[in-house]
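Trainee: I am new to this structure and would like a close look at a single part, the surroundings of the ligand. Please take me through that site with care.

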Amino acid sequence: MFKVLLCWKYLRTRFLALACIVSVMLGVATLIVVNSVMGGFSTKLKERLHGLLSDIVLEAYDYDGFTDVEGKLARINADPFLKQEIVAMTPTLEIFAMLQFNFRDAPFTRPVRLIGIEPEGRKAVGGFAEHLVNPLNRKRPSFEMTEEAKERFLIKRAARGVDFPGPKAFVNPNEPPPPDPPPSRPHDPQGIILGYAIGHFRDRNAPAEVVNKDVRTLEPGDEVIITTVSGARLAPVYDRFIVTDYFKSEMSEYDSNYVFLPLEHLQKLRTMEDRVTSIQIRLRDFDQAPKVVEKLKAMFADAPLEVQTWEQKQGAILAAIRVEKGILNVLLFLIIAVAGFGILAIFSMIVVEKTRDIGILKALGASNRAILAIFLGYGLLLGLVGAGFGTLMGLELTWHLNDIEKFISKITGQDIFPRDVYYFDKIPTDIQPMGVLLVNLGSIGIAVLFSLLPALRAAMLHPVRALRFE
Amino acid sequence: MVGQELMRAGNLHKTYRKNAVCTPVLLGVDFEVNQGEFLSIVGPSGCGKSTLIHLLGTLDKPDQGEVYFRNQRIDNLPSSQRDHLRNREFGFIFQFYHLLPELTTLENVLMPLMIRHSTLGWLTARWRAIKKAKDLLGKVGLGHRMNHLPKELSGGELQRTAIARALIGDPALLFADEPTGNLDESTGNGIFDTLRGLNQIDGVTIIMVTHNLDIASTTHRTIRLAAGQVESAEPAPARVHPWVFDPRNEGPLRQTGG
Ligand SMILES: Nc1ncnc2c1ncn2[C@@H]1O[C@H](COP(=O)(O)OP(=O)(O)O)[C@@H](O)[C@H]1O
Ligand SMILES: [Mg+2]
């Protein structure tokens, strides 16, 4: 009983104990915040990547792609296991390209990645429709212009005075001229869906009140010219296109590169007939991915095709995150170890200070074990209180991290979290209860461990020496 | 009044060693103390009186010789049994009071009982213990000081708190190492009167170290320690000197009959 009382009294009357608590608290809070942010980054990134990339990709080795998509799909569907595991498949044609447009009368050129898709099929595989800006397209993705876009397109075209290359009638002098030429309908360029970051830039000099700092460079209805290479011969080909919608996944790498257009159109542009570069596959259960990959590899062993899960495709970045997280955790546990040495030093001082009291307690019949328990209990109490407050502080900081970041950015005038550098427009956080628990247990353990040495010294004190101590 | 033998020391030797330097302090001390006796130990400073008290009270071990308590050898007991003895059978009063500075008067007095009981046991023993501590504090004249910290008390009050603490476990034997050594004469006399009352009325056996020969001469017996041995042990005097009761001590200090 007296152990509890003394622990409590020592805690309340020792200013130094506060230092221990604060150091444990700061360590725990830092670990929780950093782990939450790292965890947030990695889960969000993985989620995003997985959301954007289909579970499994069957891919040609070169830009020329492969033929007989239907046959391949049929072969896959013929396998009962694959048929059961695969929810959706869609062919895709990907190629690098150059995109040119005018903004405020200045020409701009951007390297982009052209992706020819079948909108419905791509929607079924996932990672596409839900990122479209126009809500109508989210339900049923299409490359059609909205009414406003069409209006803008017509006005701009009229202002430029470009004649519409309508279908030209072939006139044979031996025959009477056709009675009434059909009303010339202007041939509209093909619609495309543009990565959000291609059509927008962030105005860093915008006044702080402006909430949306994104400046649009390409409106729906604006025309662009895309140049790429043809299929087998890799000769340059180009065409005019019209922006119809934006793709906003908030993964800046994708948002600033992807340009979607209908598969057949890209095939025609590149004169590739029915060739595609990949088949995107969505699984019922991603846990089955290795098996499916095995099966597909065996099935297409003869063809020059690569079969990979999205994780294998993104192996480097995922591994980088894992390594980073591991190293950071080691470094951060050193913070708690520092707090542990603080406890060691402060406890040693307290034991020296309490030498006579320890002698008194022993004279009154307290056992060595009881004295040990007092100081271990004291360490435990410091650890508990420190970890408790640290957890509160860490969670609180994590929850308000974005507000804090904004506040600090405002004060210092420096962007701490430049959105266009990272993949996210908010600092993502993910508080993992297991992680928080581990950090708590670890720091409490360290507090107890480091109080063990001073506690043992206290327990081993000879009562007479302690009583004679001045 | 003075009954059978309670504690006996036989041929006690103690030498302090530090590095190569040996300080022989006790060189064969023999004596005994009887049930109900008030024994005083006198001797020049540094002659080993405190050392002797520590050996008798199982706070330290002799190099040679034995200590018997109720005819049972105690100097070689394992430490848990020695802790038990100190908690239940012995009470200690020190020159410098040795109260725990963080605790109030009441908590200091309760400490031996808190050490005695486990946390759970304490929950049941608590109310009786507190009542007993309050009674004892009242008897030593500190009923109004229960929630004061040691730093808020005078020397005499501190020593009376220490006496209450020594008594709360109902010890059979009270060790007092210069209990008045740090107090002025009249306060010291008050403390001494309290001790004498304890011995006389409650029958507590007391071994007291003192420099005050006047006080020593009023105890049953005085042992003079010199050159590491008992120089003279006068027999118990036939007549116990009259003493003045502390006005605050109105009745027996010891709870009799539980
Ligand atoms: N830990 C120790 N190491 C060495 N010498 C000691 C130690 N403790 C006490 N002494 C010596 O033992 C002698 C007796 O001390 P003590 O028992 O306190 O005497 P007293 O109480 O009679 O004044 C003194 O000379 C003291 O210096
Ligand atoms: Mg002494």
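Mentor: What follows is a walk around the ligand site. This is a predicted model, in which local features need pLDDT of at least 70 and side-chain atom pairs count only at pLDDT 80 or more, while totals for chains, interfaces and linings use all residues. Residues are numbered from 1 along each chain as its sequence is written, chains are lettered from A and ligands numbered from 1 in the order in which they are written, and side-chain values use heavy atoms, with hydrogens and water left out.

Around ligand 1 stand R468(A) from one chain and, from the other, Y16(B), V25(B) and the run S45(B), G46(B), C47(B), G48(B), K49(B), S50(B) and T51(B), where a residue counts as near if one of its heavy atoms lies within 4 Å. Because residues of chains A and B both surround ligand 1, the site is shared between chains. Helix α1 of chain B (residues 49-56) gives the largest share of this shell, 3 residues, helices being DSSP runs of H or I with at least four residues.

Turning to polar contacts (pairs of N or O atoms within 3.5 Å), an oxygen atom of ligand 1 lies 2.7 Å from an N or O atom in the side chain of S50(B), and an oxygen atom of the ligand is 2.8 Å from a polar backbone atom of G46(B), while for a polar backbone atom of C47(B) the distance to a ligand oxygen is 3.4 Å. Taken alone, ligand 1 exposes 560 Å², of which the protein buries 69%, the areas coming from the Shrake-Rupley method with a 1.4 Å probe.

Technical notes: A polar contact is a pair of N or O atoms within 3.5 Å; within protein, one must be able to donate a hydrogen and the other to accept it, and residues adjacent in sequence count only if both atoms are side-chain atoms. Helices (H or I, at least four residues) and strands (E, at least two) are DSSP runs, numbered from the N terminus.
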